[in-house]
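User: I would like to learn how to read a structural model feature by feature, starting from the fold and ending with single residues. Could you take me through one?

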Amino acid sequence: MNATTTRGALLAALACVLVGGSFTANSVLGDYPYAGGQFLRYGLACLLLLPAAGRGAADRLRALTPRQWGRLALLAAVGMVGFNLAVIAAERTAEPAVPGVFVGCAPVAVAVIVPLLDHRRPQRTVVYGALLVAVGAFTVQGWGRTDGVGIAFSVCALAGEAGFAVLAVPVLRPLGPRLLSAVVCAVAALESAAIGLMADGGGWLRRPDGVETAALLWQAVVVTVVGFVCWYVGLQRIGAERATLFSGLIPVAAACTAPLVGTGSYGLPQAAGSALVGLAVALGSGVLGRAGGERLAGARAFRGNRRPESRGVCVPETQE
């Protein structure tokens with residue numbers, strides 16, 4: 001990997017680790033109104049992100065077409081508000097591991113969907129890595145009690161996780177990571193407020209207590225502001241297919257942080273699944289293939305007298 005792709009991979013990994021930690025924060029927000037919590041989280045994140053949007057932000061927003069605005073609304077509805085709603089709905093009739101396993105399959109969906117949308121064939125190594133990520137996520141999460149409704153909402157959560165990457169690709173270039181993060185947070189806050197008013201009426205928003213305030217601040221400042229920008233920068237540098245491989249770190253981070261609040265344990269299955277996810281990400285992102293290719297090329301360049309076989313032409317590494 002060159003410096004650009006390495007930096008993009010590290011940022012995507014950091015974003016997914018932060019999202020995994022947010023699942024633990026969700027465990028202390030069970031009594032807080034869902035829509036109100038999402039409104040506070042995304043509204044605060046938008047206020048924090050706007051000053052960092054850069055020069056010409058207003059001009060870039062005015063240049064967006066109605067179709068691009070529709071995509072932004074769909075991105076917020078499916079990948080943010082809808083995803084969280086689907087997870088909560090699934091956990092009403094299923095154990096948390098069930099939606100976690102389905103979300104772990106998102107890399108497989110993205111590895112197939114993105115190339116098809118670009119009218120090209122899926123990359124074999126990325127697909128193999130995505131399949132291993134899904135197996136690793138299953139090993140970390142295990143499987144739990146569920147029914148048809150729980151599975152249906154878990155599938156919706158899978159669609160939301162995949163949509164968070166796929167729907168962002170066409171609007172990432174004109175807006176950039178920081179402005180895109182600010183805009184989708186603003187749209188998600190408005191959508192959350194509308195859902196809250198329709199579903200809960202006047203009780204959709206209340207003053208959070210101390211623990212709830214800390215959890216909401218963590219989700220807004222760290223997970224959303226830092227995590228979203230890191231995610232979209234990573235997406236921009238290494239592409240949606242490879243960036244989504246790192247979503248396998250979400251259940252790993254959730255399993256590692258759950259013991260901190262007494263909502264889970266970390267044992268041998270979680271350790272084995274974590275190792276498998278790491279191997280899968282290395283395989284799918286091309287780290288293993290490049291390392292092996294470089295060693296083979298170096299061996300072929302020298303013969304018995306340890307002199308270069310030929311000077312040849314140095315071809316710069318292709319940026320992905």
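Analyst: What follows is a reading of this model, which is a predicted one, from the whole chain down to individual side chains.

User: What does the secondary structure of the protein chain come to?

Analyst: The general idea is to count the elements and then to read their order. Here the protein chain has 13 helices and zero strands, and read along the sequence its pattern is accordingly α-α-α-α-α-α-α-α-α-α-α-α-α. A further view of the fold comes from the contacts: of those in the protein chain with a separation of 6 or more, 87% are between residues 24 or more positions apart.

User: Which residues have the most contacts inside the largest nonpolar core?

Analyst: The largest nonpolar core has 65 residues, and those with the most contacts inside it are Met80, Leu180, Trp231, Tyr232, Leu235 and Phe246. To see what such a position looks like, take Tyr232, which, leaving aside its neighbours within four places in sequence, is in contact with Leu75, Phe164, Ala168, Leu172, Pro177, Leu180 and Ser181.

User: How many aromatic pairs does a search of the whole structure find, and how should I read one?

Analyst: A pair of aromatic rings is described by the distance of the centres and the angle of the planes. The search of the whole structure finds four aromatic pairs. One of them is formed by Phe164 and Trp231, which are stacked, at 6.4 Å centre to centre and with 20 degrees between the planes. This pair links distant parts of the chain, since Phe164 lies in helix α8 (residues 148-166) and Trp231 in helix α10, 67 residues apart. Both Phe164 and Trp231 are buried, and ring pairs link Phe164, Phe228, Trp231 and Tyr232 into a cluster.

User: Where in the chain do Glu241 and Arg120 lie, and how far apart are the closest N and O atoms of their salt bridge?

Analyst: Glu241 and Arg120 form a salt bridge in which the closest N and O atoms are 2.6 Å apart. The pair links distant parts of the chain: Glu241 is in helix α10 (residues 210-245), while Arg120 is in the loop between α6 and α7 (124-141), 121 residues apart. Glu241 is buried, with a relative accessible area of 7%, and Arg120 is partly exposed, at 31% relative accessibility. A further salt bridge joins the side chains of Glu212 and Arg206, at 3.0 Å from N to O; Glu212 counts as buried, at 5% relative accessibility, and Arg206 is partly exposed, at 34%. Salt bridges that share partners join Asp118, Arg120 and Glu241 into one network.

User: Which residues form a nonpolar patch on the surface?

Analyst: Val112, Ile113, Leu116 and Leu117 form such a patch, with about 340 Å² of accessible area together. Ile113 is found in helix α6 (residues 106-117) and is partly exposed, with a relative accessible area of 35%.

User: Why does Ser154 count as buried, and what does Ser154 touch?

Analyst: Ser154, found in helix α8, counts as buried because its relative accessibility is 0%. Not counting residues up to four places away in sequence, Ser154 touches Ala90, Val98, Pro99 and Phe102. Val98 is also among the contacts of Arg145, which, leaving aside its neighbours within four places in sequence, include Thr93, Ala94 and Glu95. Arg145 has its place in the loop between α7 and α8.

Notes: Residues numbered from 1 in each chain as written. Predicted model: local features only at pLDDT ≥ 70, side-chain atom pairs only at ≥ 80, totals over all residues. Heavy atoms only, no water. Patch = residues over 30% accessible without salt bridge, like charges linked within 9 Å, V, L, I, M, F, W, Y side chains within 5 Å. Areas by Shrake-Rupley, 256 points an atom, 1.4 Å probe, with all protein chains shown as cover. Salt bridge = Lys/Arg side-chain N within 4 Å of Asp/Glu carboxyl O. Helix = DSSP H or I, 4+ residues; strand = E, 2+ residues; numbered from the N terminus. Buried < 20%, exposed > 50% of the residue type's maximum accessible area, 1.4 Å probe, protein only. Core = buried A, V, L, I, M, F, W, Y, C linked by side-chain atoms within 4.5 Å. Contact = heavy atoms within 4.5 Å. Phe/Tyr/Trp six-rings, centres within 6.5 Å; stacked < 30°, edge-to-face > 60°.
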